[in-house]
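Please look over the sequence and the predicted model shown here, and then read on for an account of the spaces found inside the protein and along its surface.

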Amino acid sequence: MNLESPKVTVKKSSQEVFDFLSKVENFERIMPENIDKFEASENSFLFALKGMPEIKLQMKETEAPKKIVLGSASEKFPFNLTADIEDNDDDSSDVQLLFDGEFNPMVAMMVKKPLQKFIDTLIGNIGQQ
């Protein structure tokens, strides 16, 4: 299952956006308001939204200043969340989140709308940083 957020323009350079998203503790600042739990460690963070199970994401890949890939730490719920960052000019860049998960069709049907809403919220909050 593949989902995409809209592209947002951020009034920061691609390097500044990359630096912000490279620090897993900063993801707490862009989480939805209904966050119930957030714990960051060196290269990963665990979060829970109200009424949802806990999800742990870990840094899988970085390509400064263009790309950051976070992956699920659970084999039951395998997915990647990729931030694609493109430079516009010295103080502006475009950011888009891409979700790629391997779920059976029944699970995919149940989680598609909440996941789309989640990544849309993340990208909206990145645009406000």
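## The second largest cavity

In this predicted model, the second largest cavity is lined by Val-10, Lys-12, Val-17, Phe-20, Ile-126 and Gln-129, and the space it holds comes to about 40 Å³. Sorted by class, four residues of this lining are nonpolar, while one is polar and one is charged.

## The largest cavity

A search of the whole structure for cavities of 30 Å³ or more finds two, and the largest cavity holds about 50 Å³ of space. Its lining is made up of Leu-21, Phe-27, Ile-68, Leu-70, Leu-81, Thr-82, Ala-83, Leu-97 and Ile-126, with eight nonpolar residues, one polar residue and no charged ones.

Strand 6 (67-72) and strand 7 (79-89) each contribute at least two residues to the lining of the largest cavity, and strand 7 has the largest share, with three residues.

## The largest pocket

The largest pocket has a volume of about 520 Å³, and among the 27 residues that line it, Leu-49, Met-52, Ile-55, Phe-77 and Leu-115 are those nearest its centre. The lining comprises 19 nonpolar, four polar and four charged residues.

At least two lining residues of this pocket come from each of strand 4 (44-49), strand 5 (55-63), strand 7 and helix 2 (105-126), and helix 2 supplies the most, giving nine residues.

Notes:
Residues are numbered from 1 along each chain as its sequence is written. This is a predicted model: local features need pLDDT of at least 70, side-chain atom pairs count only at pLDDT 80 or more; totals for chains, interfaces and linings use all residues. Side-chain values use heavy atoms; hydrogens and water are left out. On a 1 Å grid over the protein atoms alone, a cavity is a set of points where a 1.4 Å probe fits but cannot get out, and a pocket is an open set with protein on both sides within 12 Å along at least five of seven lines; lining residues have an atom within 4 Å of a point. Grid points are joined across faces, edges and corners, and a volume is the space filled by probe spheres set on the points. Helices (H or I, at least four residues) and strands (E, at least two) are DSSP runs, numbered from the N terminus. Ala, Val, Leu, Ile, Met, Phe, Trp, Tyr, Cys and Pro count as nonpolar, Asp, Glu, Lys and Arg as charged, and the others, Gly among them, as polar.
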